[in-house]
Each structure stands twice: as structure tokens, then as C-alpha cells.
Amino acid sequence: MKKVTMADVAKLANVSKSTVSQYLNKRYEYMSEETRKRIARAIEELGYQPNIIARSLKQKTTATIGVIVFNILHMLTIQVLHAIEEACQERGFHVIVCNTDDDPEKEKKYIEMLRAKQVDGLIIFPTGKNAEIYQKMVEERFPLIFVDRMVPGIKADAVLLDNKKAAALAVEYLAERGYQRIGVVAPPLVSHVIPRMERIEGFRQTLTEKGLPVIADYVVATEISSIQSELAKLFASGRPPQALFAINDLTLMEILHFVKNNGIHVPDDLALISIDDVPFADIYTPTLTTIAQPTFAMGKKAAERLFMQITKKQKHKPQIFRFPPTLIERKSVRQRGNHNDGRQ
């Protein structure tokens, strides 16, 4: 079957090839409404598909960006991606999404692959372990944005939550309701995962400011698959925490499995608060008090900053954008009064 060309479309629509090209590039101001309709009918009738590779070579743009995420299962990732895709759709750009599972080697391969495909820019939720590659892109002035994590020493835009403030909101909320023994549940604490470290730092700092003890055993920082077994050890001790703070949605899920499997009642036996406003927070029983990230605004900002670099409309100065968290009060924390519970 003969491949349909732009010349075929032009002939059927009774216009020049340059007019069809202008139509495909959405330069509608150069033609009448009737001409637009004729070209659209011709494209549909012939089943014409533009040669994107040829167009990208001519225009020096693929109208495509790459987004590399470290965990596509994260609530934050899904919602930020939605906002990025929407912003790209408005500009006629396509998005290629790659998931690294927080593996630096996979991240390296995806960066190389996407750049080989001539994407116009990258939005990366970085592993933090490919500093040389990040730095090379910065030096080449290749459009680059980090999301959720920044990378120390790399002068690139970063869009992330005010993590210390988020942890402080959780501890303050619990302390104001009389909780004194407060624990935190997190994935392993590694220095290059900046948000994790900032949330733990904010947690400890706010406990100290509130005159509450920072108990090492109450900091459960382990692989997601080990959280339930570590909680079992903690709650088998004579003095378990009265409240738990989950630093993200994945740790929250493990806590919820743990309390269900062990007959622990929230909030009567244990108060619970987490970062990430999960979709089931207001239908779970009891409804879950959470600290929401402004994910849509974060995704929109990441896209805006990337397009600012792609279009080169103004001189680029890298900035770090920290977004404020919002506490959403529900029923997983109760008012205790300033006293200890019966469990010692």
C-alpha cells in the first residue's frame, strides 16, 4: 500500500504543500476557516500521518519531553505526572515516562536513551547517584528539572515539598492533642534522599522544641518489606508509641496492614498521621488525618520551568521551589489531654 504523503493531502485539499505544513504546525492564522476544514477532511480521508522524525529534524525539536521517576507507585509521582502531562498537552508536547525503581544504573540508561531520542528536556525524580551525568547536562545547558529531590552540588531547578515543615505539622498536631510518645516510620535513611532526611530532621527537631523525648527505638527506618516485622518488635516491647507518623504513602500502607493484622484500633490504641493525602483517606475507617502535598501545583511548576528553558525566553537562573504542605484533619488522631495512657 502506497504511503500517503503531504503532497497527496495538498492535492486533495486543493492547497499548496506549505499550507498543509502550516496547518500541521498549528499556524492557523495563515489560512481561512474553510481551508482548515478542507485540509482536516483530506487528512482524515487519506489517513495521513505526519513523519514526526522528519519534522523534528527540520524544526530542531521533537516536541517531546522525558520524565524519569524513581517509583511510579508513589501517590506523589502519579499526581505530579498528571499535571506535567496536562501542561505538555496544552503546548502540543508528548511525554515519555520511565521508571527507575530508584536504581542509578536504570536511571543512567534512561537518560542516555531519552537524549538519543532527542527529547527537548528532562524532568527527573532523581536517584541522586548520577552526579556526573546531571552535571554534564547542566554544563550543556540541556533543559533539566528535578522533582521531589534536589541533588547537592548540581545547579539545576528543583521542585519539592517543604519537608521539614510537613514533619513539624505532624508532630505539632500530635503534641497539641496530648501525645508524648511519638514514633516515625520511614524507608532506610540514606543521605542522598534529601526529602527523607529532611522529614526525619524536622520530626526530631519539633519533638525537641515541644519538650518531648526523641526515642531511638521509635524511629523505624527500614525497607518497605520489613516495616511490619519491625513494628511487631516495637509493639512487643513494654512501652510502644502512642502515635505514629508515616513519612509517605508507602509506609502508611504497611502501618495499616500491621494494625489490621494485630487488632490495634486507630485512634483509640494508636494515633496515625501521614504525608501524602491518599485517595482512600476519607473512606478508610477511621478517616485518616494526612499532610497533603500540592502535587498539581508542583507538576505545573516543573513543566513551566522546563518550557522556560526549552524556549529560552529569558536567561535561566536555577532555583529551588519549596511548596507548603497542608494538614487535612480527619479522625485517626483523637484528643488525649496532657497525660499518658494506661499502657506504660
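Tyrosine 110 lies in helix α6, which spans residues 104-116. The model is a predicted one. With a relative accessibility of 25%, tyrosine 110 counts as partly exposed, because buried means under 20% and exposed means over 50%. Apart from neighbours within four places in sequence, tyrosine 110 is in contact with Ile68, Cys98, Asn99 and Thr100. Methionine 308 is 198 residues from tyrosine 110 along the chain, and the C-alpha atoms of these two residues are separated by 23 Å.

**Cysteines**

The structure holds zero of them. Cysteine 98 is in no disulfide, and the nearest cysteine sulfur, which belongs to cysteine 88, is 14 Å away. Cysteine 88 is likewise in no disulfide, its nearest cysteine sulfur being that of cysteine 98 at 14 Å. A disulfide requires the sulfur atoms to be within 2.5 Å. Cysteine 98 is buried, with a relative accessible area of 5%. Cysteine 88 also counts as buried, at 0% relative accessibility.

**Helix pairs**

Two packed helices are described by the angle between their axes and the distance between the axes. The table gives these values for two pairs.

| Helix pair | Axis distance | Crossing angle |
|---|---|---|
| α1 (residues 6-13) and α3 (residues 33-46) | within 9 Å | roughly 125° |
| α10 (residues 227-236) and α11 (residues 249-261) | within 9 Å | roughly 55° |

Helices α1 and α3 are therefore oblique to each other, and their crossing is right-handed. On the α1 side the contact is made by Asp8, Val9, Leu12 and Ala13, and on the α3 side by Arg38, Ile39, Ala42, Ile43, Glu45 and Leu46. Sorted by class, the contact of α1 with α3 has seven nonpolar residues, three charged residues and no polar residues.

From α10, the residues Ile227, Gln228, Leu231, Ala232 and Phe235 take part, and they meet Thr251, Glu254, Ile255, His257, Phe258 and Asn261 of α11. By class, the contact of α10 with α11 has six nonpolar residues, four polar residues and one charged residue.

Terms used
Residues numbered from 1 in each chain as written. Predicted model: local features only at pLDDT ≥ 70, side-chain atom pairs only at ≥ 80, totals over all residues. Heavy atoms only, no water. Axes fitted to C-alpha atoms, helices over the stretch in contact; angles between N-to-C directions. Helix = DSSP H or I, 4+ residues; strand = E, 2+ residues; numbered from the N terminus. Parallel < 35°, antiparallel > 145°, perpendicular 65-115°, else oblique. Left-handed = near helix turned anticlockwise from the far one by under 90°. Contact = heavy atoms within 4.5 Å. Nonpolar A, V, L, I, M, F, W, Y, C, P; charged D, E, K, R; others polar. Buried < 20%, exposed > 50% of the residue type's maximum accessible area, 1.4 Å probe, protein only.
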